[in-house]
Amino acid sequence: MSRLGEAIHTARIAAGLTQAQLADQAEITQAALSRYENGLRDPDSETLEQLASAVGVNSRLLTNMSQIAGSIATEAHMRRRATAPVRVWRRLEAGINVLRAQMRLILSIVDYQAPNNMPSLDPVEYPPHEAARLVRAQWRMPQGPVRDLTAWMESAGCLIIERDFGTPRVDGLSQWIDDHPIIMINSRVPTDRKRLTLAHELGHIVMHSEPIHLSKLSEEEAMRFAAEFLMPAHLIRPELRRRSLGHFANLKRKWMVSIAALIERAYNLGTITQTNRTSLYKALSARGWRKQEPLSEQLPPETPSTPASIVNALAELSYHPQQVAALGGFADVDRAAAVLPLSRRRLRIVQDSGSHRK
């Protein structure tokens, strides 16, 4: 497969299209598309434009993807349920590969500086609980529950993009854009689950920054990191000794994680037994809370601010929406607006305020 063929293939999977569907939309034969994707032949410029438009990008992005050093379609760290269909998470994995290529183009224009550093800690040398403590210490985070986890991660250069995955079975996934980690988070899931997913992906970013084959061990390490990062053992252990479901519900309000996550934390810290754990889960199921927990809507929502900051920076540079879309390799403004808070009104307001300052 050629570099351009790999880019076309990845963009097609991200768009959720079969070869037959893309060939039909691009008005070419499936046999021709197969040759393009397998690197047996490169499409001419007109055909490349048709292919790009059909998958929601522009030809500049496909060409740029083919020039990226390293693999175009790399595995992503992903928090998903076992029942997530392969075709769904493969589409999302391809989607973050396309997204990191798009954001790489935009970040080549915008100077994206972060006040905090993102540590890189080998899990062999630093077990997950120690890694989590070191990150909290390095970022000088206050004791207790993490308030606005999204803001803390953005302060260390994380680019967090919320999108509707079309399914609740995949929570989020992460990769790197050069020196910046990128996390794609499912807007469908409640705040408590988003926070655990963000902390889980942070664990991958901190401990698994080198390209690795994803494994069950790396997922377990990321979850142990997330548990300690959001619920430090020395602080939460005394609060996990009571065994009533009502008590765990009250702790959810304080720590802003799910009741299920609190039950698991209590069990792993040894404050409840396996029998207690089973009993609590049965009580959750009896109330219908395993599928949809209460109180999630009462937790303060966390909204990424970096995408808006990028839009503001582009506006200061006098980029209008169509230029931003083209710069980022999107097919049109609507496609770009699904990733960035992009609107003509927003850019005009920022441009006007900039001209007033001048």
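**View 1. Two arginines over tryptophan rings.** Arg80 sits over the face of Trp89, 3.9 Å from the ring centre. Arg287 does likewise with Trp289, at 5.7 Å from the ring centre. To count as a charge over a ring, NZ of Lys or CZ of Arg must be within 6 Å of the ring centre and within 35 degrees of the ring normal. Keep in mind that this is a predicted model, where local features need pLDDT of at least 70 and side-chain atom pairs count only at pLDDT 80 or more, while totals for chains, interfaces and linings use all residues. Residues are numbered from 1 along each chain as its sequence is written, and side-chain values use heavy atoms, with hydrogens and water left out.

View 2. Searching the whole structure turns up 2 aromatic pairs. Trp139 and Phe229 make an edge-to-face pair, 6.2 Å centre to centre with 85° between the planes. Trp139 belongs to the loop between α7 (128-138) and α8 (149-154) and Phe229 to helix α10 (residues 216-230), so this pair ties together parts that are 90 residues apart in sequence. Phe229 also pairs with Phe225, this time stacked: 5.7 Å centre to centre, 10° between the planes. Phe225 and Phe229 are both in helix α10, 4 residues apart, or about one turn of the helix. Put together, Trp139, Phe225 and Phe229 make one aromatic cluster. Rings of Phe, Tyr and Trp (its six-membered ring) pair if their centres lie within 6.5 Å; planes under 30 degrees apart are stacked, over 60 edge-to-face, and the rest tilted. Helices here are DSSP runs (H or I, at least four residues), as are strands (E, at least two), numbered from the N terminus.

View 3. Trp139 is buried, with 3% relative accessible area. Phe229 is buried too, at 0% relative accessibility, and Phe225 also comes out at 0%. Buried means under 20% relative accessible area, exposed over 50%, and partly exposed in between (1.4 Å probe, protein chains only).

**View 4. An open sheet of 4 strands.** The strands line up in the order β1-β3-β4-β2, with mixed pairing. At the edges stand β1 (77-80) and β2 (159-163), each with a single partner strand, so one side of each has no neighbour in the sheet. Two strands pair if DSSP finds at least two bridges between them. β1 and β3 are antiparallel over 4 bridges, and His77 stands opposite Ser174 in β3. β2 and β4 (residues 180-186) run parallel, joined by 5 bridges, with Ile160 opposite Ile183 in β4.

**View 5. The β3-β4 hairpin.** These strands pair in the antiparallel sense over 6 bridges, and Leu173 has Met184 in β4 as its bridge partner. The hairpin has 2 residues between its strands, and Asp178 in the turn has a positive phi of about 55°. Strand β3 (residues 170-177) is mostly covered, with 7 of its 8 residues buried.

**View 6. The largest pocket.** The space in this pocket is about 830 Å³, a volume being the space filled by probe spheres set on grid points joined across faces, edges and corners. A pocket is an open set of points on a 1 Å grid over the protein atoms alone, where a 1.4 Å probe fits, with protein on both sides within 12 Å along at least five of seven lines; lining residues have an atom within 4 Å of a point. The lining has 30 residues, and Arg79, Arg81, Asp171, Arg193 and Ser258 lie nearest the centre. Elements giving two or more residues to this lining are β1, α9 (191-207), α10, α13 (259-268) and α14 (274-286).
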